[in-house]
Amino acid sequence: MKVLIIGATSAIAKACARIYAELGCSLHLIARRGDQLELLASDLLVRGASKVSHSVLDLNKFAAHEKTLDAAFTELRGVDIALICHGSLPDQEKVEQNFKQAHKEINTNGISVISLLTELAPKFIEQQQGTIAVITSVAGDRGRQPNFVYGAAKSLVSTYLQGLRGKLLTHNVNIVDIRPGLVDSPMTAQFPKGPLWSSPERIAQKIVKSIRRGSHTVYAPSYWRVIMFVVSAIPEFVFKRLTF
Amino acid sequence: MKAMGWGRYPKTTAELIQPADSQALQKFISAQKKSASCIGRGSGRSYGDSALAERLVSSRFLDNFLELDQQQNVLRCGAGVKLGDILKICIPRGLFLPVLPGTKAVTVGGAIAADVHGKNHHLDGSFCAHVKKISLVLASGELVSCSEQENPELFRATCSGMGLTGIISDATLSLDSIPSSYINQRRLIANNLAECFEHIEDNADSKYSVAWLDCLATNKNLGRSVVYLGEHAASKNRKTDTIYRERSGLSIPFSTPSFLLNKTTMSAFNASYFGAQKRKKSRTTLGCDNYFFPLDSISNWNRLYGPKGFLQYQFVIPSESALDGITTVLEKISEKGKGSFLTVLKKFGEANENLLSFPESGYTLTLDFKNEPALFPLLEELDRIVLAHGGRLYLAKDARMSEEVFKASYPNWEKFMSIKNKVDPDNRFASLQSKRLGLT
């Protein structure tokens, strides 16, 4: 299998890449930090990947997306699975008061993904097969006070994916929207952890399984589907008073 | 967060720092205030307080494989890589770790810091005998490499140094070739301790050897045991013989009430286990997980000892006084009406030059005790017996040894201190254990 991973040095992406490496896949990795990419590439080769290549890219430079993805498709000679994992968790207070920062965060978590999907879709249509999987978040299900800028960017992507899934249906291309709950990773290092937190490895197992099965919207771990169902069902006149 | 070792005693609250890579680790250490101290932590598999401090620096994200040289059988990997992960990549290539402790959950960094041993210590030495090089982050934040050739003093202090010289960022290990991942096991029954020693001595050339002991048997049955010998099985089918089948089994989801483990249940368990082993076939072939890590199949088995946890007591006594010393220890335990659920006896080979390394030529006995107030005076009595026979306790298991006992039994502690003072004069690296033992 040929796997393209964007935002490859994030904790969840790394864990997914390791599973694919152990299965003997060829991988192409895209991320911002070259030194980290090289470290991951050698790790994946030891773990059993048949080939690992990488390109360095700041995903907020939209103009470079096309060229980098072209290179990835050439390198792998087609892609069976494209996994988009990058993101950042902003400080809500700060981005609420500063549009410049809010704009940057929405670009990172939302617009950059739309740009990538715009490039990826025709490539997958041409192949007439494959899976595009994107990591969004349970935060996109409803705008909550502590992180609605992040949530808004993620829900932008989720809504886009729903439409794209229909468009690509007849081309034998599946779209998976992965919505992790609380993940214990470097991105969330500053939060105290409780029983609802899960490891990146556990999320990765779920991602690989749902890509294999051709799932659509995936909550990881599954109990987040129940939690978010309840959160979504709270009437607005109550919800607007909640600060969680 | 709440922090504890595998024995779940003692418990403290600590700040957990998880550097994303070795640069982040260096940055954190060099930015540390002069008065602050921390200790490295891997999987938290040491039993007592050796990986406890106000601030714990986790190797969780230092878990990359860096290079595997299949010509030289050498692997370089981050300190946070677990031994089980190494087996997963090695076994399909016909390679194996030369030393494996009783659990594959330990990290490379932890295995080096405690200089862990396995069932083949009498032939192959401890874990650090197969470590070629270490990259170490010092108190200054500087990254230095050490080996037998390069900074040899620092290398000898870091191997077995319980994390007190710095934080290991990566290590280079040599690997062994194996014909298959299976182990041919031979089981010998011993009706008392002397017989057990005889079996072990008679089979000193056996690759792996370890004995399970019924520590509650008394009088003429004292030390009745089952000796397990193991050899790597020859390959029958290259393709299937090097498939690594990981075992997963039971999980203990919460602490079970500790009254379930009492003298009656333990003695019933020990007696029935001994009886069952006696009846079984003496030769079997096992997968390597089953042979090396039987306890890993019950995740969180440490919760079986109840919310207060347990103490593991492991000591070594030099060969000439071992039979006498271990007999005295077992008699003392049964006299006090205490018992250990699992008791393991093993013969060690020669000691190495690592300054705080535990193994020395002799016999080591490992006992588990439920944590209760009456236990501590008993363990102090056992300390005296061990010391009188020229032995010592294993730091990776210890949660309560006194400074006097430690200094009397580890002859190289002063040499260790002089190196520690050179590389870490302000004691930036300190654990609850190192403070208790007067090392920091």
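The C-alpha centres of domain 1 and domain 2 of chain B lie 24 Å apart. The model is predicted. Domain 1 of chain B covers residues 61-178, and domain 2 of chain B covers residues 182-402.

Where the domains of chain B meet, 30 residues come from domain 1 and 28 residues from domain 2. On the domain 1 side, the elements that give two or more residues are helix H2 (83-90), helix H4 (121-124) and helix H5 (152-158) of chain B. H4(B) gives the most to this side, with three residues. By class, the domain 1 side of chain B has 14 nonpolar, eleven polar and five charged residues.

**Overall form of chain B**

Chain B has 14 helices and 20 strands. Its radius of gyration is 21 Å, close to the 22 Å that the globule rule gives for 440 residues, so chain B is as compact as a globular protein of that length. Along the principal axes, the C-alpha atoms of chain B fill a box of roughly 60 × 55 × 45 Å. Of the 440 residues in chain B, 49% are buried. Now take the contacts in chain B between residues at least 6 apart in sequence: 76% of them join residues at least 24 apart.

**The sheet**

Eight strands of chain B form an open sheet, with antiparallel pairing. The order is E16-E13-E15-E14-E18-E19-E17-E20 (chain B). Strand E16 (283-287) and strand E20 (392-393) of chain B are the edges, and each pairs on one side only.

Strand E15 of chain B spans residues 225-232. Strand E13 (residues 182-190) of chain B pairs with E15(B) in the antiparallel sense over eight bridges. Strand E14 (residues 208-213) of chain B also pairs with E15(B) in the antiparallel sense, over six bridges. Some of the bridge partners are listed here.

| Residue | Bridge partner in E15(B) |
|---|---|
| Ile183(B) | His232(B) |
| Gln185(B) | Gly230(B) |
| Ala211(B) | Val227(B) |

**The cores**

Which residues touch the most other members of the largest nonpolar core? They are Cys90(B), Leu97(B), Ile112(B), Ala171(B) and Ala211(B), in a core of 128 residues. Strand E17 (residues 310-318) of chain B gives the most to this core, with six residues. Domain 1 (61-178) and domain 2 (182-402) of chain B both give residues to the core, so it lies between them. In soluble globular proteins, nonpolar side chains tend to be buried together.

Ala211(B) links the sheet and the core in this account: it bridges to Val227(B), and it is among the core residues that touch the most other members. Leaving out residues up to four places away in sequence, Ala211(B) touches Cys196(B), Ile200(B), Ser225(B), Val226(B), Val227(B), Tyr228(B), Leu345(B) and Lys346(B).

A second, separate core has 67 residues. Among them are Ala31(A), Val138(A), Leu164(A) and Ile207(A).

**Where the chains touch**

How many residues of chain A are in contact with chain B? Ten residues of chain A are in contact with ten residues of chain B. By class, the chain A side has five nonpolar, three polar and two charged residues.

Terms used
Residues numbered from 1 in each chain as written. Chains lettered and ligands numbered in written order. Predicted model: local features only at pLDDT ≥ 70, side-chain atom pairs only at ≥ 80, totals over all residues. Core = buried A, V, L, I, M, F, W, Y, C linked by C-beta atoms within 7 Å. Buried ≥ 20, exposed ≤ 12 C-beta atoms within 10 Å, placed from the backbone. Helix = DSSP H or I, 4+ residues; strand = E, 2+ residues; numbered from the N terminus. Domains from an automatic or database assignment. Contact = placed C-beta atoms within 7 Å. Rg over C-alpha atoms; globule rule 2.2 N^0.38 Å. Nonpolar A, V, L, I, M, F, W, Y, C, P; charged D, E, K, R; others polar. Pairing = 2+ DSSP bridges.
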